[in-house]
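Hi everyone, thanks for having me.

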Amino acid sequence: MSGDAGAVSAALSHLGDYLGWHVLLSLSAMLIGVSISLPLAVLCARLRLLRATALGFAGIIQTIPSLALLALFYPLLLGLSAFTRATFGIGFRALGFLPALAALALYSMLPVLRNTIAGLDGVDPAVKKAARGVGMTHSQMLFLVELPLAAPVILAGIRIAAVWVIGTATLSTPVGQTSLGNYIFTGLQTENWVFVLFGCGAAAVLTLLVDRLLALAEAGVVRRSKLRIAAAGLGLVLVFGAALLPLTADAGSRPAVVGTKNFEEQYILGALIEDRLRAAGYSTVRRDGLGSTVIFDALAAGEIDVYVDYSGTVWADDMKRRDRPGRRAVLAQMTDWLRRTRGIRCLGGLGFENAYAFAMRRDRAAALGIHSLADLARFAPALRIGGDYEIFSRPEWRAVEQVYGVKFGTERQYQSNFLYRAVASGDVDVVSAFSTDGRIPLYDLKVLSDPKGALPPYDAVLLVSPARAKDANFIAALTPLLGAIDLGRMQRANLMADREKGKRSPEEIAADLDAFVAARRLQRGRK
Amino acid sequence: MIELRGLSKHYGPVAAVDGVSLRIETGEFLVLAGQSGSGKTTTLSLINRLIEPSSGAILIDCADTRETDPVALRRQIGFVFQDIGLFPHMTVAENAGIALKLAGRARREIDARVDELLALVRLPPERFRNALPAALSGGQRQRVGVARALAASPRLMLMDEPFGALDPLTRDELAADYRRIHERLGLTTVLVTHDMTEAMLLGDRIALMREGRLVQAGTPRELISSPADEFVRAMMDSPTKRARALADLQAGRA
């Protein structure tokens with residue numbers, strides 16, 4: 001159980017940062033959402049046409065899955081930022097706080113809008129008539145009679161919105177905004193269930209606390225009890241204040257931002273990069289679990305400073321190249337293209353490839369006589385293939401389909417750490433895999449060869465943002481990593497994070513790798 | 001003095017009020033009577049511009065009401081509603097003093113005036129000042145309604161079936177109390193009712209309406225002695241018929 005205790009204390013060490021951002025994000029989104037939807041609802045209560053439009057719009061927003069809504073704001077803001085930069089010379093960060101804020105603010109609108117309209121509609125017509133009769137103007141009627149009478153219903157709407165927003169804010173992690181979701185997403189990827197539970201628990205406690213306090217405020221309004229309202233207000237101030245306090249502590253110079261994609265190898269390498277940068281005196285923050293396209297655009301826009309990408313990904317996704325000139329030529333042309341078109345500096349390879357590969361259980365492959373993708377094509381219609389969320393929409397997969405003419409009977413998608421279990425247990429026959437994955441040797445899987453060269457090379461490369469490209473200290477801190485990690489070392493490192501027993505955190509593994517890199521450098525220096 | 005000149009209100013093809021002309025003298029207690037749907041409440045609401053007329057004019061002391069801002073007009077005229085319409089989130093004192101608050105009077109002045117008003121409608125201020133409407137009986141609520149209407153010292157009071165929803169004892173008591181207030185303050189009152197007994201006992205004059213038109217206006221005695229048509233006769237007769245039937249019942253002749 002000492003491992004679990006370690007995981008709990010590791011989780012606790014992040015609490016100030018994660019909770020602080022979670023509260024800051026939710027609170028800002030609520031303030032914006034309410035200050036838009038409250039006046040809008042008042043207008044809606046008066047104008048029939050606007051009511052149908054506004055409620056319809058808010059209803060549609062609600063039907064968009066929350067994660068998709070958050071993700072949609074990234075390209076939107078990126079475009080907007082490019083536009084303002086071109087027109088006014090001022091851009092803004094399209095990743096992180098802003099897209100999360102915008103999506104959550106929109107998300108909070110429906111309950112407030114709906115309840116405010118219902119509350120205003122519910123005011124007794126006799127009372128409204130009397131208000132006109134005693135000579136109230138429209139605004140006096142609104143502020144002296146209608147809003148006070150609708151207040152309990154409006155507050156109930158705000159309460160619903162707050163619960164939704166605090167819950168949904170956990171999904172802002174994938175767009176690069178730190179939140180309690182960092183526990184959940186990191187935990188899910190690294191199978192650190194203590195982290196997942198901790199994240200869910202923290203979000204639930206925060207939600208319940210805010211819900212109860214708002215319920216108290218609501219009861220205070222219904223019973224016209226100033227004491228209850230004051231207690232609820234004080235409670236909310238205390239909760240928010242306590243949560244936000246840690247954020248004010250470290251508001252120093254801009255830290256170096258290390259990005260990672262959403263799998264273990266990336267977390268390990270992210271931690272390794274952080275170790276190197278910290279040793280060189282940089283303060284660092286992480287933007288974890290970003291999607292392939294998001295992370296590349298974010299680097300080009302300077303929203304993250306460094307991350308590890310794979311040559312074939314840039315070749316196919318960003319350069320849109322379909323030709324296969326070979327490993328060295330891809331690396332050279334890519335480096336040149338990144339510098340010319342984006343100002344991104346490619347420092348070079350880390351020393352291993354993490355290529356797309358297709359793997360089968362060794363016994364099953366032997367039974368069918370499958371050794372290569374060409375062999376696979378003959379059996380594919382009768383077989384089931386499992387892939388991660390990306391593979392089937394990627395150009396690499398289309399290349400394999402075209403070059404070998406494979407067409408599977410069934411395609412299934414899994415989260416990457418369930419993928420290997422699916423093939424090991426026989427749920428699927430073939431899986432897409434990554435060549436550095438420690439589970440390939442662990443589950444005794446056979447990687448099918450690619451005789452026609454349909455798949456591009458995937459050298460792990462260090463990419464540095466245009467802004468940091470000329471920062472000599474920054475570059476010098478990362479240079480020792482180049483060529484330092486071979487395939488076997490990366491596979492072993494990944495396995496340490498993936499295995500069921502004796503599992504280690506990405507930070508621990510990164511520390512080992514860092515020590516190894518340092519030792520290697522020392523040896524070289526001596527030679 | 002209030003003068004209605006050829007007053008009409010149309011809702012599409014339907015005329016709710018149809019060419020009503022009527023003079024109401026200062027200090028007079030006029031009852032607008034008639035059956036449901038005869039247009040009496042609409043006529044009342046036209047006077048303080050809660051409803052705008054389709055045609056015709058209303059003059060109060062020779063000034064056309066269309067030349068006064070409707071909000072300002074309503075603040076000069078007291079209005080008492082059948083469904084009372086007290087503001088449920090305000091205390092009795094806040095309800096009674098609302099017109100003064102809207103007029104921007106000082107807090108102390110409002111408090112003093114509210115106590116005076118509550119005493120006038122026979123609600124002991126120290127007991128009722130801080131009560132919420134929900135804690136009052138129907139009669140007490142309408143007393144607050146009357147106090148609210150009187151707060152800004154209006155010369156004209158409009159009352160829309162003010163005692164209609166009350167039990168008989170409370171109704172008689174409140175009607176008698178209001179009539180006394182009318183005398184004491186020298187008010188001009190226009191009261192709408194469909195209850196002919198109430199109309200005959202309260203009103204200096206009765207204006208009888210049918211299907212949006214004014215049929216006849218006069219003192220109760222005039223309407224009884226020389227009714228304009230069968231409708232007026234039937235309306236004026238009904239309380240007498242009922243009184244006779246009741247007398248028979250009491251005498252054991254039924």
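Let's begin where the two chains meet, and please keep in mind that this is a predicted model. On one side, 14 residues of chain A are in contact with 15 residues of chain B. Which parts of chain A supply that side? Helix 5 (125-133) and helix 6 (138-168) each give at least two residues, and helix 5 of chain A has the largest share, with six. If we sort the chain A residues that touch chain B by type, eight are nonpolar, four are polar and two are charged.

Now over to chain B itself. Strand 1 (residues 2-11) and strand 2 (residues 14-24) of chain B pair in the antiparallel sense, over seven bridges. To see one of these pairings, look for B:Leu4, whose bridge partner in strand 2 of chain B is B:Leu22. The hairpin formed by these strands has two residues between them, and B:Gly12 takes a positive phi near 60° there.

Back to chain A, and to a helix I enjoy. Helix 13 of chain A covers residues 327-342, so to speak our next stop. This helix has 16 residues and reaches 22 Å from its first C-alpha to its last, close to the 22 Å expected at 1.5 Å a residue. Which of its residues are buried? Among the residues of helix 13 of chain A, A:Val330, A:Met334 and A:Leu338 are buried. They lie on the same side of helix 13 of chain A, because they cover an arc of only 60° around the axis.

Just after helix 13 of chain A, A:Gly343 takes a positive phi of about 75°.

One residue leads us on to the core. Leaving aside neighbours within four places in sequence, A:Leu463 is in contact with several residues, including A:Leu338, A:Ile344 and A:Cys346. A:Leu463 also belongs to the largest nonpolar core, which has 224 residues. Together with A:Leu104, A:Val165 and A:Ala359, A:Leu463 touches the most other members. Helix 1 (residues 2-46) of chain A gives the most to this core, with 14 residues.

Notes: Residues are numbered from 1 along each chain as its sequence is written. Chains are lettered from A and ligands numbered from 1 in the order in which they are written. This is a predicted model: local features need pLDDT of at least 70, side-chain atom pairs count only at pLDDT 80 or more; totals for chains, interfaces and linings use all residues. A nonpolar core is a set of buried Ala, Val, Leu, Ile, Met, Phe, Trp, Tyr and Cys residues joined through C-beta atoms within 7 Å. A residue is buried if 20 or more other C-beta atoms lie within 10 Å of its own, exposed if 12 or fewer, and partly exposed in between; C-beta atoms are placed from the backbone. Helices (H or I, at least four residues) and strands (E, at least two) are DSSP runs, numbered from the N terminus. Two residues are in contact if their C-beta atoms, placed from the backbone, lie within 7 Å. Ala, Val, Leu, Ile, Met, Phe, Trp, Tyr, Cys and Pro count as nonpolar, Asp, Glu, Lys and Arg as charged, and the others, Gly among them, as polar. The expected span of a helix is 1.5 Å times one less than its number of residues. The arc is that of the directions from the helix axis to the C-beta atoms. Two strands pair if DSSP finds at least two bridges between them.
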